[in-house]
Amino acid sequence: MILDLRKAFITNEYSAPVEYKLDLSDVEYSGVFPLKQPISVVGEVANNAGVVTLSIHYSVCYEAPCDRCGELSAEVIDVDITHILATNIENEDNDDIILVADMELNLDELCRNDVLLHIPMKHLCRKNCKGMCSVCGKNLNDGECDCIKKEIDPRLQALADLLN
Ligand SMILES: [Zn+2]
Ligand SMILES: [Zn+2]
């Protein structure tokens, strides 16, 4: 979606809502596509005393296997970002300002970058996920397995063999 910003730049005390769904179902992370649900983008373009801003609230449904137990789980990530828009930039090093020389903004590109930058690297099904047993592969959130009890120190195992 291309956002026409002409009105926003020439009208002081301007504000207009922005609302659409962003499709990022093609985004892949290690073999899974975690953003199957369209991302809700709700925001506002505003001109306050000549400063044009774009504030956006993203509601992202992220569905992927848990990093610890492998169970598929979904979480909703809320991200709020405000961009300052300008038709020319005096200080090129200023990353906070987005240059829109022709007063048109490619919203898809901007939103895609915003979302991808704010997706957490870690994804757990729950805060205190116990993970899975490295020996039998059981999901330890469902209860303990017997592996821990059976595991015997190899030195003690030698002793046990002697006694037998
Ligand atoms: Zn988990
Ligand atoms: Zn086990």
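Me: What covers the buried residues of α2?
Reply: The cover includes four strands, β2 (14-22), β3 (39-48), β4 (51-65) and β7 (104-106). A residue is buried if 20 or more other C-beta atoms lie within 10 Å of its own, exposed if 12 or fewer, and partly exposed in between, with C-beta atoms placed from the backbone. Helices (H or I, at least four residues) and strands (E, at least two) are DSSP runs, numbered from the N terminus.

Me: Before we go on, where do the numbers come from?
Reply: The model is predicted: local features need pLDDT of at least 70, side-chain atom pairs count only at pLDDT 80 or more, and totals for chains, interfaces and linings use all residues. Residues are numbered from 1 along each chain as its sequence is written, while chains are lettered from A and ligands numbered from 1 in the order in which they are written.

Me: Which residues of α2 are buried?
Reply: Leu110, Cys111 and Val115 are buried in α2. They lie on the same side of α2 because they cover an arc of only 125° around the axis, the arc being that of the directions from the helix axis to the C-beta atoms.

Me: And which ones are exposed on the other side?
Reply: Glu109, Asn113, Leu116 and Leu117 are exposed there.

Me: New topic: which residues have the most contacts inside the largest nonpolar core?
Reply: Leu5, Ile39, Val41, Leu85, Leu105 and Cys111 do, in a core of 18 residues. Such a core is a set of buried Ala, Val, Leu, Ile, Met, Phe, Trp, Tyr and Cys residues joined through C-beta atoms within 7 Å.

Me: Which element gives the most to this core?
Reply: β4 does, with four residues.

Me: What does Leucine 5 touch?
Reply: Not counting residues up to four places away in sequence, Leucine 5 touches Val45, Val52, Leu85, Val100, Met103, Glu104 and Leu105. Two residues are in contact if their C-beta atoms, placed from the backbone, lie within 7 Å.

Me: Now the whole protein: how many helices and strands does it have?
Reply: The protein has four helices and seven strands. Its radius of gyration is 25 Å, well over the 15 Å that the globule rule gives for 164 residues, so the protein is more spread out than a compact globule. The radius is taken over C-alpha atoms, and the rule is 2.2 Å times the number of residues to the power 0.38.

Me: How far apart are the centres of domain 1 and domain 2?
Reply: Their C-alpha centres lie 48 Å apart.

Key. Domain bounds come from an automatic or database domain assignment.
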